[in-house]
Amino acid sequence: MKKIAALFAGLAAAMSVAPGLALAADATAPVKEIIDDTKKNWASDVSDWIDIFGENTLDRLYSKDFGEKYKAAAKNPAADEDGISPFDYDVIVNGQDACPLQDLSIDNGQPANGATEVTVKFKAATCMEGAPNKDEFTTVRFEVIEENGKPVIDDIMIQGEEGQGPISLKETMVQIANGE
């Protein structure tokens with residue numbers, strides 16, 4: 001009887017820890033999908049651009065708050081003349097031009113304060129002869145939370161100008177929506 005009680009106690013303890021571990025283990029899933037699409041977009045043989053903020057993707061891979069901020073920003077006609085995105089650059093490569101992504105890595109951080117930071121690094125300018133940043137790494141941080149039982153991207157932090165800290169894409173979307 002004591003063995004059964006100990007077994008149940010151990011099982012209960014494991015189950016109480018499991019939700020946090022599950023988020024930590026799965027936090028890279030939505031990020032990997034966005035990065036895979038970004039890699040396809042910048043591949044040399046790309047034919048159709050994949051919208052990483054398309055309606056289906058927005059509802060499936062991003063938090064509700066992120067989606068609402070994106071939709072509000074997309075209503076600002078001054079943000080993008082082609083009507084596809086509120087951004088006039090690729091927010092993942094942080095530019096209008098890039099090469100096929102090289103030396104890509106995705107690192108899953110530890111959950112803290114209800115979020116897991118997933119860090120992605122890659123070289124995006126390796127094919128640009130004479131570019132001063134040709135061999136530099138671009139770093140993008142994804143804040144992943146659990147919403148409705150699944151991991152979703154709640155923010156994307158892109159590199160700012162030299163000497164600046166990272167820039168929150170959610171904050172940028174609020175500025176675009178406000179016409180700033």
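The report below goes from the whole chain to one helix and then to the core.

The model is predicted. Its chain contains five helices and five strands. Read from the N terminus, these elements follow the order α-α-α-α-β-β-β-β-β-α.

Of the 180 residues in the chain, 38% count as buried. The chain exposes about 10600 Å², and carbon and sulfur atoms supply 52% of that area. Among contacts between residues at least 6 apart in sequence, 53% join residues at least 24 apart.

Helix α2 covers residues 28-42, which makes 15 residues. From first C-alpha to last, α2 reaches 21 Å, close to the 21 Å expected at 1.5 Å a residue.

The largest nonpolar core has 32 residues, of which Phe53, Tyr62, Ile92, Phe142 and Ile156 touch the most other members. Several elements each supply at least two residues of this core, among them α2 and those in the table.

| Element | Residues |
|---|---|
| α3 | 55-61 |
| α4 | 64-74 |
| β2 | 115-123 |
| β3 | 137-147 |
| β4 | 150-158 |
| α5 | 169-177 |

The largest share of this core, four residues, comes from α2.

Which residues does Phe142 contact, leaving aside its neighbours within four places in sequence? They are Val31, Ile34, Ile35, Ile92, Thr116, Glu117, Val118, Val120, Ile153, Asp155 and Ile156.

Note on methods
Residues numbered from 1 in each chain as written. Predicted model: local features only at pLDDT ≥ 70, side-chain atom pairs only at ≥ 80, totals over all residues. Heavy atoms only, no water. Expected span 1.5 Å × (residues − 1). Buried < 20%, exposed > 50% of the residue type's maximum accessible area, 1.4 Å probe, protein only. Contact = heavy atoms within 4.5 Å. Areas by Shrake-Rupley, 256 points an atom, 1.4 Å probe, with all protein chains shown as cover. Core = buried A, V, L, I, M, F, W, Y, C linked by side-chain atoms within 4.5 Å.
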